[in-house]
Amino acid sequence: MGQVEGRQALEIAAAGGHHLLMVGPPGAGKTMLAERLPGILPDLADDDSLEVTSVHSLRGDDVCSSLIRRPPFQAPHHSITMPALCGGGSGMPRPGAISLAHRGVLFLDEAPEFDRRVLDALRQPLESGTVTIARAQSVAHYPAHFQLVLAANPCACGNAGGTDQACTCTAVQRRRYFGKLSGPLLDRVDLQLRVPAVTYHELSGGHGRTPEDSAAVAERVATARAAQEERLRRWGCRLNSAVPGSLLHRTLSPGTRSVLPLKAAMDNKTLTARGFVKVLRVAWTLADLAGATVPSPEHVQLALYFKTTATT
C-alpha cells in the first residue's frame with residue numbers, strides 16, 4: 001500500500017541489476033520493500049546457478065544439496081565485522097556475506113549504523129565484481145557480483161525530513177549520522193530515493209488502486225531483462241548495470257546524452273563522471289521497461305531524479 005516511487009525504484013533495480021538506497025523515517029516500509037526484491041528477480045541462469053552453489057558449498061551450507069536456482073539474499077546485522085562481510089577465517093579464507101550474495105541481493109538495513117570501514121570495504125567489490133583476501137600463506141579470490149540495497153533513516157531519531165514529529169537531532173548530529181555513508185560509496189549507488197511515511201489514506205485504500213503482487217512485477221522484469229540480453233549479447237553483457245561507459249557513448253545519440261538537467265548536474269558538480277554513466281544505464285532500463293528501443297530524454301531525466309533525490 002502506498003510507496004509508488006519506492007515500488008517503481010525496486011522494479012527498475014530488479015530489471016537492470018542496479019544498486020538502491022532508500023532513505024526515510026522508521027516504519028515507512030523500507031525493509032519490507034528490500035525483502036521483496038528477490039521475489040521479483042528471475043531464476044538464475046545455469047552458469048550463475050553453478051557459481052552461486054559453488055560459493056555456498058565452501059561454507060558447508062545445507063542449501064547446497066542441490067543447485068541453487070533462486071537469487072540469494074543476505075541481510076547481515078549492523079554489527080558485522082570486516083572478515084564476516086568480505087571473507088576470512090583461519091587457514092584458507094572462506095567467503096563472506098558479499099560473496100554469499102553473489103548474483104543476488106546484499107541488504108544493509110540501518111546502513112548508517114554499520115562501521116564506516118565495513119561500508120567502505122564494499123567500494124572495490126562493487127566496481128570489480130570480485131573480492132580478494134590475502135593471507136600470509138595464500139590468496140583467495142571470490143566472486144562478488146551482487147545488488148546492493150541500503151536502507152537508512154534520515155537521522156538518528158528518524159524524524160528529519162518532512163515528518164510531523166519534531167526532529168531532536170542537531171544539524172551536526174544529522175550530518176555525522178548520514179555521513180557514515182561516504183560520498184564514494186553513494187556515488188556507486190544507481191538509485192537513491194526518499195521513502196516518505198505512509199498515510200492513513202494510502203493504508204486504507206483511499207487511492208483507489210488495486211495492490212499489485214510480486215508476480216505481475218516479476219513478469220515485467222523478465223521482459224525487460226530479455227530485451228537487455230538480446231541487445232547486449234554481442235558485447236558480452238547481460239544487464240544494463242554492467243554496460244561500459246564507452247559502449248553507452250557509442251550507442252546513445254548526442255541528444256540523449258545532452259539533456260539539459262543532466263548537463264547542469266555535471267556542470268555544478270552534483271554528478272560525477274561515474275554518476276553520469278549510471279544515469280544513462282538506468283535510462284536504458286527505463287526504456288526497456290517501457291518497451292522502447294532507445295532511451296528518450298524523459299527517461300534520462302527520470303533516471304537523474306532517482307540518482308540524486310535522496311542526497312540533495
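Predicted model: local features only at pLDDT ≥ 70, side-chain atom pairs only at ≥ 80, totals over all residues.
Biologist: Does the overall size of the protein agree with a compact globule or disagree with it, and what is its radius of gyration?

Modeller: Let's start with the chain length, which is 312 residues. A compact globule of that length would have a radius of gyration near 20 Å, so we can compare that with the model. The two agree, as the radius of gyration of the protein is 20 Å.

Biologist: How many helices and strands make up the secondary structure, and what share of the residues is buried?

Modeller: The secondary structure comes to 16 helices and 9 strands. Buried here means under 20% relative accessible area. Of the 312 residues, the share that counts as buried is 47%.

Biologist: How far apart are the end C-alpha atoms of helix 1?

Modeller: Helix 1 covers residues 4-16, which is 13 residues. At 1.5 Å a residue it should span 18 Å, so that is the value to check against. The model agrees, with the end C-alpha atoms 19 Å apart.

Biologist: Which residue just after helix 1 takes a positive phi?

Modeller: Helix 1 has several buried residues, including Ala-9, Leu-10 and Gly-16. Just after the helix, a positive phi of about 70° is taken by Gly-17.

How values were computed
Residues numbered from 1 in each chain as written. Heavy atoms only, no water. Helix = DSSP H or I, 4+ residues; strand = E, 2+ residues; numbered from the N terminus. Expected span 1.5 Å × (residues − 1). Buried < 20%, exposed > 50% of the residue type's maximum accessible area, 1.4 Å probe, protein only. Rg over C-alpha atoms; globule rule 2.2 N^0.38 Å.
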